[in-house]
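Subject: Structure handover

Dear colleague,

Here is the structure you were waiting for. My notes on it follow below.

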Amino acid sequence: MTPFNKPFLIGSELKYIQEAVASGKISGNGKYTQKCQNFFEEKYDFGKCLLTTSCTDALEMAAILIDLEPGDEVIIPSYTFVSTANAFVLRGAKIVFADSGKDNPNLDATKLKSLISPKTKAIVLVHYAGIACDMDAIMELAHQYNLYVIEDAAQAIDSYYTGKDGIKKALGSIGHLATFSFHETKNIISGEGGMLVVNDLQFAKRAEIIWEKGTNRSAFFRGEVDKYGWVDVGSSFLPSEIIAAFLWAQLENLEKIQEKRKKLWEYYYKQFDLIADECKIKLPQIPQYATNNAHMFYIRFATLEERTKYIKMLKKQGILAVFHYISLHSSSFYSSKHDDRVLLNTDMFSNTLLRLPMFYELTEKEIDRIVNCFKETRC
Ligand SMILES: *Cc1c(COP(=O)(O)O)cnc(C)c1O
């Protein structure tokens with residue numbers, strides 16, 4: 001059996017958890033939370049970082065921070081996980097779904113302008129598979145129309161974008177706000193877990209208050225106020241120190257994890273490149289301005305029928321490959337609220353993209369077995 005994903009312990013996870021428990025402080029915002037947040041702020045030049053219990057929570061914080069009013073519109077790709085949109089729907093926003101580009105599932109920045117109206121408040125983009133969106137184009141439009149940019153960087157840890165100015169920036173450091181996930185299916189994990197990055201520091205103080213249930217508790221513990229109380233809306237967005245301790249053990253090994261994943265990705269690519277024409281499949285394309293963080297290895301088929309055939313064939317051999325996403329604009333929850341525009345590329349990726357097993361402990365031998373299944377079926 002080759003599973004689709006397999007969470008793993010890479011180092012001192014249990015040791016650090018034990019240490020956190022022994023220290024007598026296992027609620028949030030303690031030593032390990034600080035260590036993780038500092039790591040990101042220093043390594044990737046992020047603004048203020050706040051660990052959260054999920055990327056979903058971080059997106060909800062972002063939606064609260066930009067102060068949406070009823071009727072406000074937010075532009076979001078249709079080809080994404082539900083949380084990207086749900087966080088903004090929860091605040092009463094109308095979602096204007098953007099289509100993907102032709103070559104990769106990221107939103108098509110060349111068509112963004114036509115989606116902007118006087119009610120547009122923000123663009124939420126997803127760096128799909130850790131591959132950067134066209135950030136120069138998006139930031140330019142945002143500046144021109146006075147919009148906030150929120151990067152859903154759930155899949156994009158340790159990946160970069162190089163702009164026209166030649167400067168290489170970490171994904172998550174470019175938008176006003178950004179969100180990450182440490183769910184067990186991502187590159188760096190803590191079971192469930194996430195992070196909000198506040199690059200536009202006008203949001204920094206309020207982000208901390210929303211994080212702490214609407215109280216100024218963090219300022220109180222820093223000695224900035226002599227008592228703390230309810231000062232704003234908020235919720236319980238902090239993870240416990242047990243989760244932060246697990247995450248820290250993974251972050252300490254980030255280079256090692258990334259090196260291994262990239263090696264596996266390259267191997268996949270090399271093997272599939274040899275049979276791509278014969279099997280009528282397309283390989284991922286990475287734009288010049290983007291790096292690859294080996295979050296996922298996907299291929300594309302010519303038709304939905306072809307994909308279904310191959311999923312069945314792989315399953316028979318004990319190999320689990322999965323597809324996603326059901327386009328959000330055609331979901332049962334949102335289709336009646338969608339504005340009827342046809343999103344051809346989104347539907348195309350939804351019908352033809354297939355994700356193959358990708359995890360730290362995957363071996364080249366298992367990849368050979370997967371590639372052989374393709375050869376035997378078709379080539
Ligand atoms: C995984 C993922 C999320 C959700 O992350 P959680 O930490 O599980 O809440 C959101 N957006 C995208 C693009 C994702 O891949």
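A salt bridge here is a side-chain nitrogen of Lys or Arg within 4 Å of a carboxyl oxygen of Asp or Glu. By that criterion the whole structure has 15 salt bridges. One of them joins the side chains of Glu-361 and Lys-6, at 3.7 Å from N to O. Glu-361 lies in the loop between strand S12 (353-356) and helix H12 (364-377), and Lys-6 in the segment before helix H1 (13-22), so the pair ties together parts that are 355 residues apart in sequence. Helices (H or I, at least four residues) and strands (E, at least two) are DSSP runs, numbered from the N terminus.

On the basis of the values: this is a predicted model, in which local features need pLDDT of at least 70 and side-chain atom pairs count only at pLDDT 80 or more, while totals for chains, interfaces and linings use all residues. Residues are numbered from 1 along each chain as its sequence is written, and side-chain values use heavy atoms, with hydrogens and water left out.

Domains

The chain is assigned domain 1 (13-252) and domain 2 (254-377); the bounds come from an automatic or database domain assignment. Their centres, taken over C-alpha atoms, are 26 Å apart. Domain 1 brings 48 residues to the contact and domain 2 brings 38, where contact means heavy atoms within 4.5 Å.

About 3500 Å² is buried between domain 1 and domain 2, with carbon and sulfur atoms giving 53% of it. Buried area is the accessible area (1.4 Å probe) that two parts lose on being put together, summed over both. Of the area that domain 1 buries against domain 2, Tyr-79, Phe-97 and Asn-187 supply 20%, more than any other three residues.

Between the two domains there is one salt bridge. The side chains of Lys-43 and Glu-255 form a salt bridge at 2.9 Å, N to O. Polar contacts between domain 1 and domain 2 come to 24 residue pairs, both residues at pLDDT 80 or more. A polar contact is a pair of N or O atoms within 3.5 Å; within protein, one must be able to donate a hydrogen and the other to accept it, and residues adjacent in sequence count only if both atoms are side-chain atoms.

On the side of domain 1 that touches domain 2, the elements giving two or more residues include helix H2 (31-43), helix H4 (82-89) and strand S3 (94-98). S3 has the largest share, five residues.

Ligand

The ligand is surrounded by 15 residues, the closest being Thr-56, Asp-152, Gln-155, Ser-181 and Lys-186; a residue counts as near if one of its heavy atoms lies within 4 Å. A side-chain N or O atom of Thr-56 is 2.5 Å from an oxygen atom of the ligand. For a polar side-chain atom of Ser-181 the distance to a ligand oxygen is 2.7 Å, and for one of Gln-155 it is 2.8 Å.

Backbone

His-324 and Tyr-325 are joined by a cis peptide bond, with omega about -20°. Tyr-325 is in the loop between helix H10 (304-316) and helix H11 (344-352). Lys-213, a residue other than glycine, has a positive phi near 60°, and is located in the loop between helix H6 (204-211) and helix H7 (217-221).

Regards
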